[in-house]
Amino acid sequence: MAENKPKKENKPSWRHRNFVTAGPVDDYLYSLLPKRDEVLTEMESYAADHSIRIVGPAVARVLQQLALTINAGTVFELGSAIGYSTIWWARAVGEKGRVIYTDGDPKNAERARRYFDRAGVSNRITLYTGDALEYLSEQKQQYDVIFNDVDKEDYPRVLRLVLPRLRKGGLFITDNVLWSGRVADRNAKDPQTKAILEFNRLLYGSGDFYTTILPIRDGLAVALKK
């Protein structure tokens, strides 16, 4: 008689089991989340179906809450993909706020633009397609929040660029800093893990920031500029 095996539960791309939160705890956290609107729900489904990494609703709520806590009016987002987190930022900064979207893929940017229109936040967002770090380096103003979710090997370079472009009391927030737990291997050889290890060391060692890593999803570093 064939053994009846339990069905494998399919998780969307922002909920794969390589993240650091234990499975049952992760399920519990997501069960508490309020239902998202039609646009965000559609973006979550699209990201899952096309293997596009987005921060997901649990982390997005943290990002929005942090922006609201410091009354942020300007956000510079490094690596925006289809604009999921961008919408959460845009809703946090309000009608008079400004969010900078950056991504290297014109197709991502065009899809994001359509989502922004439907979400009613297009007037708060400036889209830039190209090298996010190069665009940040050209900025003359200081931002309330800078969110870092670019290629992991660029993380140490991002840290050097952020400081003069973030206001005092502003937040520098970085995703994936626990890198599915691979940061526990201090002798890691792959370039991405090595870069994240260096970034975390530099961030915590910086006298310009007060830093905490939140062990939610894949690790979120929140650094307050002193």
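I take contact to mean heavy atoms within 4.5 Å, and I number helices (H or I, at least four residues) and strands (E, at least two) as DSSP runs from the N terminus.

**Ground rules.** This is a predicted model, where local features need pLDDT of at least 70, side-chain atom pairs count only at pLDDT 80 or more, and totals for chains, interfaces and linings use all residues. Residues are numbered from 1 along each chain as its sequence is written, and side-chain values use heavy atoms, with hydrogens and water left out.

**Helix 2 and helix 5.** I looked up which residues touch here: Glu-38, Val-39, Glu-42, Met-43 and Tyr-46 of helix 2 meet Arg-111, Tyr-115, Arg-118 and Ala-119 of helix 5. By class, I count 5 nonpolar, no polar and 4 charged residues in this contact. (Ala, Val, Leu, Ile, Met, Phe, Trp, Tyr, Cys and Pro are nonpolar; Asp, Glu, Lys and Arg are charged; the others, Gly among them, are polar.) The axes of helix 2 (38-49) and helix 5 (106-119) are 9 Å apart, at an angle of about 155°. That makes the two helices roughly antiparallel (over 145 degrees). Axes are lines fitted to C-alpha atoms, for helices over the stretch in contact, and angles run from 0 to 180 degrees between N-to-C directions.

Next I traced the open sheet: 7 strands in the order 3-2-1-4-5-7-6, with mixed pairing. Two strands pair if DSSP finds at least two bridges between them. Strand 3 (125-129) and strand 6 sit at the edges with a single partner strand each, so one side of each has no neighbour in the sheet. The twist averages 15° from one strand to the next.

Strand 2 and strand 3 are parallel over 5 bridges, and Thr-102 has Tyr-128 in strand 3 as its bridge partner. Strand 6 (209-214) and strand 7 (220-225) run antiparallel, joined by 6 bridges. Ile-213 stands opposite Ala-221 there. I also checked the hairpin they form: 5 residues lie between the strands, and Arg-217 in the turn has a positive phi of about 55°.

**Helices on the sheet.** I find helix 3 (56-69) across strands 4, 5, 6 and 7, at about 10° to strand 7. Helix 7 (155-162) touches strands 1, 4, 5 and 6, and its direction makes about 170° with that of strand 5.

Terms used:
Parallel < 35°, antiparallel > 145°, perpendicular 65-115°, else oblique.
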